[in-house]
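The sequence and the structure are shown first, and the description follows.

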Amino acid sequence: MKSNIVLWLACILYTVVNAQNTSHDSIISALDKAIELRTKYAKQKHAQLDSLKQIALKKELSSSTKDIHRAYIHLYEGYRAFRYDSAYYYLEKAKGLAQKIKDSSLIAETKIDEGFILISAGLFTEALDTLNSINTKHLDPTNKYDFYYNMARVYFDLTDYNDDERFRINYIRKGIALLNKALENAPENSDNFLKAEGLKELKQQNWDRARRIYLELLDRELSPDMYGVATSSLSFVYSQLNRPHKALDYLAMAAISDIEHSIQENTALRNLAIQLYDNGELNKANQYVRIAFKDAELYNARHRRNQISAILPIIESAQLYKLEQKNKSLKNTVVLLTLLSIVILVSLAIIFKQLKDKKEVRKAISKNNERLQQMNLSLMESDAIKQDYITYFLKATSQLINKMVALQKNTILKVRTKKTEEILDVMQRYSAKKERNELFHQFDEVFLQLFPSFIESINRLFPENEKVFVKKGDLLSTELRIYALYRLGIQDNAQVAEFLDVSINTVYSYKTRLKSKSRFRNVFESKVMDIKRLDSKNLAGDKKEGGTDDINTHIDGESHIS
């Protein structure tokens with residue numbers, strides 16, 4: 001249950017905060033839009049003033065002095081919050097006319113307006129002198145209200161201008177006393193009454209009471225000046241009530257109204273810039289304070305320029321510092337990214353090197369595997385050859401021994417029976433050359449069974465017109481038999497000569513003559529050694545099937561001496 005309540009409260013708080021942020025953003029957006037249209041509003045203001053000038057010019061030509069005075073007062077009111085020097089110029093002309101016709105009421109009314117414009121210009125001593133020169137006995141209630149309200153403003157503005165605790169309380173008390181007199185001359189619950197009462201409660205720090213009064217005032221249809229006073233004052237009240245979002249919103253509303261009505265004697269945009277500066281929104285603060293400074297320059301009142309000049313360098317310095325910090329942070333980020341990039345590049349280089357090394361290792365392993373496979377095939381081939389030839393020579397040796405035993409027995413028998421002539425006949429029938437030829441034939445048969453494509457493979461090493469041909473009835477020629485022995489690993493010329501029953505020179509001559517015709521003279525022997533016994537796929541099968549069966553059959557089928 002407690003967790004649900006906490007969650008519910010958190011949702012409400014989030015909704016409220018989000019709504020405040022949304023409202024604040026929308027008002028600031030409206031202010032920025034109004035700033036974009038400042039030129040348009042200024043043109044409208046100039047058009048209005050030009051119209052008032054035309055009216056005054058007509059009045060000067062044909063109207064009474066009082067009508068001309070009123071036309072000058074209208075021009076003054078038009079310039080009052082727009083151009084200080086122009087407002088003062090027309091006010092002086094109006095005052096001159098009032099003094100000319102010696103109308104004490106108009107003179108007093110003009111001096112009240114003069115006091116107001118002097119206050120706006122920050123000329124507080126001159127404003128007090130001007131207002132104190134007025135005889136209030138000649139004033140009607142409306143002018144008395146304006147008189148006392150302006151007098152109160154002088155003391156309140158002096159409080160802020162001097163910022164001296166020795167005079168602060170005294171000035172505020174004098175101002176409040178003057179506001180009480182102003183309230184006595186305003187209809188109860190009128191706009192002027194609420195304006196004075198709200199200021200009084202504000203200066204007495206009755207924040208909630210002041211808030212209610214200004215909110216009530218804002219519910220009415222107000223003049224731009226009155227609206228600006230109410231919203232700016234309400235912003236200050238909310239700041240004292242620790243509601244900064246509300247304070248900013250009402251300051252922005254006051255600034256929007258000032259811009260839309262070309263009120264350049266304003267404090268709202270300047271105060272909003274200060275609040276935004278305190279909130280850390282330096283870009284907006286700098287933008288707004290610069291606009292406020294331009295307004296103060298156009299209004300041409302030294303007091304307002306001095307106020308803004310005091311805070312402009314502070315905001316600019318803060319923004320510059322923030323920019324420097326941002327640049328510093330950016331530099332640090334760039335350095336960090338550079339270092340990170342270097343680390344990444346080094347890591348990539350290491351990875352690529354490792355991959356390259358791994359690839360080389362794989363290649364080496366692959367080559368070694370191929371080499372081992374080739375060696376394995378060679379070993380299998382050699383093993384098969386050895387098995388076949390061992391079988392062959394065992395059978396051949398056994399056959400030879402049997403022939404010798406048969407010859408021995410036959411000879412002994414002939415000797416015992418004294419048949420010497422038959423012994424000679426038997427010995428003449430036995431031929432070593434024939435036996436050697438049979439040995440060569442058997443060798444050739446066994447070899448070609450082991451290397452069935454030997455002759456074809458040898459011929460590939462020669463041009464078409466130099467191919468080796470075997471005589472009819474022979475399996476291998478002497479040259480081919482020499483290289484058949486070479487392929488079997490019998491590469492010593494002496495051993496080959498002994499086996500073939502020829503001289504070593506003859507072996508050498510055969511080999512040289514055959515090799516000289518080849519297209520691969522320099523590597524002829526290695527090409528011969530590359531000739532495979534059988535296809536690698538059939539090699540193992542050949543061993544399993546028993547490659548010596550044909551050899552055994554051949555040897556067993558040979559004729560014996562009887």
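## Contacts and the nonpolar cores

Two residues are said to be in contact when heavy atoms of each lie within 4.5 Å. The model discussed here is a predicted one. With neighbours within four places in sequence set aside, I117 is in contact with Y76, R80, Y84, A87, Y88, L91 and Y299.

I117 belongs to the largest nonpolar core, which holds 68 residues; together with F147, V154 and Y214, I117 touches the most other members. Helix α7 (residues 141-162) supplies the largest share of this core, namely 10 residues.

## Overall composition

The chain contains 24 helices and zero strands. Of its 562 residues, 38% are buried. Its accessible surface amounts to about 33,300 Å², and carbon and sulfur atoms account for 53% of that area.

Contacts between residues at least 6 apart in sequence were also examined: 64% of them join residues at least 24 apart.

## Helix α4

Helix α4 covers residues 84-100, and its 17 residues should span 24 Å at 1.5 Å a residue; the end C-alpha atoms are 24 Å apart, so the two values agree. The buried residues of α4 are Y84, A87, Y90, L91, A94, K95, L97 and A98. These residues lie on the same side of α4, because they cover an arc of only 160 degrees around the axis.

The partners against which the buried residues of α4 pack are α2 (38-62), α3 (65-79), α5 and α14 (282-299). After α4 comes K102, which has a positive phi, near 55 degrees.

## E114 in helix α5

E114 is located in helix α5, which comprises residues 104-120. Is E114 buried or exposed? Its relative accessibility is 6%, and residues under 20% are classed as buried, so E114 counts as buried.

Residues up to four places away in sequence aside, E114 touches Y88, L91, E92, K95 and T130. Of the residues named here, L91 and K95 are listed among the buried residues of α4.

## The annotated segment

An unreviewed UniProt entry assigns the feature "transmembrane region" to residues 334-352. In the model, this span is 100% helix and 0% strand, and its end C-alpha atoms lie 26 Å apart.

Key
Residues numbered from 1 in each chain as written. Predicted model: local features only at pLDDT ≥ 70, side-chain atom pairs only at ≥ 80, totals over all residues. Heavy atoms only, no water. Helix = DSSP H or I, 4+ residues; strand = E, 2+ residues; numbered from the N terminus. Buried < 20%, exposed > 50% of the residue type's maximum accessible area, 1.4 Å probe, protein only. Expected span 1.5 Å × (residues − 1). Arc of directions from axis to C-beta. UniProt positions renumbered as here; feature names shortened; annotations may be inferred. Areas by Shrake-Rupley, 256 points an atom, 1.4 Å probe, with all protein chains shown as cover. Core = buried A, V, L, I, M, F, W, Y, C linked by side-chain atoms within 4.5 Å.
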